[in-house]
Amino acid sequence: MKTFENENYYEILQVPANARADEIKQAYRDALAIYETESVATYSLFSEEQRERLLQAIETAFGTLINEDKRTAYNQMLMATGQVDAANFSRQGQRQLAAYSDTGSPSTEKSLSQWVLKKADTPKIRQLIEAILSQDQLSGLALKQLREAYGIELSEIYAITKISGDSLKRIEADQFEDLPAEVYLKQFLKSYADILHIDSRHVVDGYLKSMARDRAEKGAVRPRPLL
Amino acid sequence: MPKIYPIGGGKGGVGKSFVAASLGAMIAQHGKTVALLDLDLGASNLHTFLGMSAPKDGLNLFLNKTAQNLERVAVPTPVTNLFLISSSTCSMEIANLFYAQKIKLINAVKKLPFDYVLIDLGAGTNFNTLDFFLTSSKGIFVCTPEPTSIENAFRFIKAVYLRKIKQLIRQHDFDARVNAAILDTDSSAVKSQDLLDMVSKDDPEKASLLKAHIGRFQFKLILNQFRRSADTSLGNKIEAVCNRHFYSPFEFLGQVAFDERVIDSIYARKLYITAYPATITAMDLKQIAELLANPQPAPSLRQQAP
């Protein structure tokens, strides 16, 4: 059985040498989705020891390539030893992140969900989740902080939910007067909460309460413009 | 020589016979002559999937030398161009086929005067099943998206590899240590990959010989009984994993949607795709049949990569 033994970190994650950070992150998540213990696609294919080694290799590759300093040093090593030609790295940095690009495939959703599950156990995330759950009202900022702690981009939320980046930004910024109608807003919040693996009912209720309080404080409920 | 597609997969009840009958009928509808060969010895019932009663004669006449040629025992089916070679009339002890009979049968299969031969195999990884699977390099694995089925499919792939490697090691002059390892009666202790790794270390030249032979396999995968809740990228993932970790190329042919009416069609003694041609399941099967009938399919017919 072939393993990753003779592969460099780019080959392990199956990304080009000039891959952007978001591509590396996506590739890492995809790899985890395939090689983790619960994966159906590789069920029983590897011994526990083999799987452990494969996962370790994926972690090391990701840890190196996602860190700019480590990646630069690693690239220099690859070039110095003649494993990768310098030209392969050249476009690095010049490629722009395609904003809100549509990458919504089932595999994106699955791998993101596995990534979130994996990270949900870290102390920082747990703390943020507990803070949200312990409060009656919820600000968009708390959702934003949780999203950022997971390392999820708005474009990734868009790719799965098709909620536009602008709407998500307004939700996160508590721009209550510019939000979509409540029936949509509820659905948006639910989808968003599901991605972050946090009780969606609590999120919807908390956010609506926070919105109601804001309106009460401002004295009057302004009618929404028709368009 | 016909195009031969053995259909196996390790686990029972995943729909190997259903897939064989459906694909055979659909390829025949493309105007090719197709022989369905039921080699689920001792448990053969491919005729039932075709909506036929058990043929009076079949493989038994070939094995007892009443029929000189294997094609003589092929009987027509309700589908034009589709013929069945049944083993349902064979002796109750047919599952334990003699070695010489097996070789004779395999050689006869390779000479069948049809465009396509689809071989329906039984569950498990006994030597007969593995050898029938190795009749061609283009074996098809059928499994369902459940872990138990995938586990058996991987085991089947590894068993096929091991069987082939053992054949090769016997045919070529190998290191005494390798010979000792494979001739060890406790063969379950030797995994094909371990053998390859062992040969790689001791004798790189022989290892490349093995890898070259193994590399000629072009195994294919079908995910059957696919329910809506299953991961739609599973087939592509398994294909990618197999291509990355085994020594031969794999192709995911597609998934076939689960349909309760498959059972209804069996009760009604009708070929499913005839009884229910306008279903998602039938469409899925049609796409796969087209991939097999046209070796260079249009890109639109291929599964989208994730």
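Residues are numbered from 1 along each chain as its sequence is written, and chains are lettered from A, with ligands numbered from 1, in the order in which they are written. Because the model is predicted, local features need pLDDT of at least 70 and side-chain atom pairs count only at pLDDT 80 or more, whereas totals for chains, interfaces and linings use all residues, and side-chain values use heavy atoms, with hydrogens and water left out.

The secondary structure of chain A consists of 11 helices and zero strands, where helices (H or I, at least four residues) and strands (E, at least two) are DSSP runs numbered from the N terminus. Of the 227 residues in chain A, 41% are buried, a term that stands for under 20% relative accessible area, with exposed meaning over 50% and partly exposed the range in between (1.4 Å probe, protein chains only). Among the contacts in chain A with a separation of 6 or more, 68% come from residues 24 or more positions apart, contact being defined as heavy atoms within 4.5 Å.

Helix α11 of chain A covers residues 200-217, and its 18 residues should span 26 Å at 1.5 Å a residue, in agreement with the 26 Å between its end C-alpha atoms; the expected span is 1.5 Å times one less than the number of residues. The buried residues of α11(A) include A:Val203, A:Val204, A:Tyr207, A:Leu208 and A:Met211, and the buried residues of this helix pack against α7 (140-150), α9 (165-172) and α10 (182-195) of chain A. At the start of α11(A), a side-chain oxygen of A:Asp199 comes to within 3.0 Å of the backbone nitrogen of A:Arg201.

Between the two chains, 21 residues of chain B are in contact with 21 residues of chain A. Together the chains bury about 1900 Å², of which 61% lies on carbon and sulfur atoms, buried area being the accessible area (1.4 Å probe) that two parts lose on being put together, summed over both. B:Lys237, B:Arg244 and B:His245 supply 39% of the area that chain B buries against chain A, more than any other three residues. One salt bridge is counted between chain B and chain A, that is, a side-chain nitrogen of Lys or Arg within 4 Å of a carboxyl oxygen of Asp or Glu; A:Glu7 forms a salt bridge with B:Arg244, with the closest N and O atoms 2.9 Å apart. Five residue pairs are in polar contact between the chains, both residues being at pLDDT 80 or more; a polar contact is a pair of N or O atoms within 3.5 Å, and within protein one must be able to donate a hydrogen and the other to accept it, while residues adjacent in sequence count only if both atoms are side-chain atoms. On the side of chain B that touches chain A, α6 (147-171), α8 (192-202) and α10 (234-245) of chain B each supply at least two residues, and the largest share, seven residues, comes from α10(B).

Over all chains, the structure holds 17 salt bridges. In chain A, the side chains of A:Glu156 and A:Arg29 meet in a salt bridge at 2.3 Å, N to O, a pair that links helix α8 (residues 154-161) with helix α2 (residues 21-35) across 127 residues. A:Glu156 counts as buried at 14% relative accessibility, and A:Arg29 is buried with a relative accessible area of 1%.

In chain B, B:Arg163 is found in helix α6 and is buried, with a relative accessible area of 17%. Apart from neighbours within four places in sequence, B:Arg163 is in contact with B:Lys102, B:Phe127, B:Leu130, B:Asp131 and B:Leu134. B:Arg163 forms a salt bridge with B:Asp131, the closest N and O atoms lying 2.8 Å apart, and B:Asp131 belongs to helix α5 (residues 127-133) of chain B, 32 residues away from B:Arg163. B:Lys220, which is buried with a relative accessible area of 8%, forms a salt bridge with B:Glu251, the closest N and O atoms being 3.0 Å apart. B:Lys220 lies in strand β7 (residues 219-226) and B:Glu251 in strand β8 (residues 250-257) of chain B, so this pair ties together parts that are 31 residues apart in sequence.
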